[in-house]
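Colleague: I'd like to learn how to read a model like this one. Could we go through it together?

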Amino acid sequence: MVQNKRTALITGVVLLLLTAACGPSLVIQGVDYAQPVESVLIPGDDQTVHDQRYAIRFSIAPLLAEEGVDSVDEIRLIRNSSGYYFVTAAGFTNVYVMNAAESELQLQATIEISGSGLGNPAFNQRGDHIELVDLASGNVYRMNEEELL
Amino acid sequence: MRIRINHTISILFTLMLVAGVLSSATAQSSDYEIQQDFRAEYEELVSWVDNAVSSSDLNEISDRIDGFEEVYTEHASLINSAIFPDTFGARMSDLRSRYTAAVQNIETIEQLNERVEELAGEVEQQRARLDELNAQADQLLADIQQSEANEERLSVLVAQYRQNIEAKDEFVSGVLQQLLQRYQSLDSSVMAELSEASEQLDDNPLDIIRTILAEYINQTDQVSGLEAPDYLRMKTQHNYFRDIWDRIGENVSQVFASDRSVQAEQEVTDLLNQWDSSIDNKLWSALTTAFNQNEITLNEFNSSTTFYNSLEAYVGEATAVSREVNSEEDFENFRNFSGYWNGIVKSQWGEYLTKGEVLTFDQISSIDRQLEEWNQAASPTSNLMLILFLVSIAVIIGLVVMLVSKK
């Protein structure tokens, strides 16, 4: 009886290992997600923005809550080559770096830019980093998905 | 107003370009704004190119396109990404193609405008000359009607009226010749362009033609005192007019009455027919009178065919009588007809008779041949041979008598 149980257990473990070994293992390296020009998106009544060119739709309500504002006229969105989304808007004090996951955007980093809030921000894709220009003040910031450079 | 707007747009555009250059120079710019500006300025340039209406507009636009390209060439890569699948190069190529097409269109428009101005000037001159001739004719006609009692004055006025008709014929022939040269052979694209351009004209050649014909009809119907050669001349002018109209009528109608060309062409043809009838109403009786005044009584006629038949019958019958009777009177009749036929009809009216299709060359030649037969039949027969024969007999008899008496 004990012998049978042991045999069944070993068989089960072997099958589990075999199943795990046969799972998806194909990985493509060096994917460039860089969006050449930022998207300027106008939120709808439900605080959702939709970028038709790059095919992404999400709600900015959590970001507004984080910034403590009720609404913005438009948000600026750009994706770097690693695939992280950078989001900000006029009046925001931070740039939010988001990582795409299954049906969600997960916060990767919050990069503080200006205590008084950005006047007229604009993202530029600059090869190995993202450039943020505040056209109102003339300040320029360089950043990656983790921090200001 | 338009120049001021263009000037303002020009300044704004220059400022925009300068602003673009400055912003890119400071490097504190937004790629998004650069591509947005590119799109906006490109659309604006396309609009200007497509709506340009003069060469000066295009010269300005050419400079703007060069400036535009210079400013955005350094952002070509960014713009290529932003407007994918289109490219900066393709947009510039498209813009320059549009510009080239606009240059060609405007050249065509400007050429057409020149033609319209030229045409308007010609039509204006023609209208003025026509009005002048018509006014003279109306005045002379009124004077003729008032002076019917005074034969001497009437004769002078009729002579002046005749000169007026000749001057008008000469003027109209010039107008028709000009129309023939211009409108006889036009391809469809030129006709369409001319038609479009002619819409700017208040008065056009088709109107002039209708006015001329209406005045010709009026002149033919109204005036009295004209004679056979006057109407023969009108007949010639009518045939010339009809010949030209047959060659240009369709084109002229399509150019100057494109929306109702068939109807317009028919209207002129109807006027030509009406004029021909008016001439015929006067011509046949004037010819009858002319022959009668020269003691030649022809059978009644009312067409070219019956006129020829009357002439042929007159000569034929006279020839038959001369053959039978051969009197001095017949010979005198022959000399009278021959003198009138050769001295007046052929020498003075010959050109009008043939060009006006009153008689053909063959018909005139036929009358000439019959006249020769009449000449032979009417010439008095000679008695000389009989006299000589009788004298010879008398001489012979005399000689015989002398010989017998000597024996």
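Modeller: Let's begin with A:Gln47, which counts as partly exposed because it has 17 C-beta neighbours inside 10 Å. The general idea is that a residue is buried if 20 or more other C-beta atoms lie within 10 Å of its own, exposed if 12 or fewer, and partly exposed in between, with C-beta atoms placed from the backbone. A:Gln47 is in the loop between strand 1 (39–41) and strand 2 (48–51) of chain A, and its phi is positive, about 65°, although it is not a glycine.

Colleague: Is A:Ser103 buried or exposed?

Modeller: A:Ser103 counts as exposed, because it has 6 C-beta neighbours inside 10 Å. A:Ser103 also has a positive phi, about 60°, without being a glycine, and its loop joins strand 6 (94–101) and strand 7 (104–112) of chain A. Helices (H or I, at least four residues) and strands (E, at least two) are DSSP runs, numbered from the N terminus.

Colleague: What should I know about the model itself?

Modeller: This is a predicted model: local features need pLDDT of at least 70, side-chain atom pairs count only at pLDDT 80 or more, and totals for chains, interfaces and linings use all residues. Residues are numbered from 1 along each chain as its sequence is written, while chains are lettered from A and ligands numbered from 1 in the order in which they are written.

Colleague: How do I read pLDDT, and what is the mean for chain A?

Modeller: pLDDT is the predictor's confidence in each residue, from 0 to 100. Where it is low, the predicted coordinates should not be read in detail. Chain A has a mean of 89, with 87% of its residues at 70 or more. Chain B averages 86, and 91% of the residues score at least 70.

Colleague: At what angle do helix 3 and helix 5 of chain B pack?

Modeller: Axes are lines fitted to C-alpha atoms, for helices over the stretch in contact, and angles run from 0 to 180 degrees between N-to-C directions. Helix 3 (residues 55–73) and helix 5 (residues 88–146) of chain B pack at about 170°, their axes 10 Å apart. That makes the two helices of chain B roughly antiparallel (under 35 degrees is roughly parallel, over 145 roughly antiparallel, 65 to 115 roughly perpendicular, the rest oblique).
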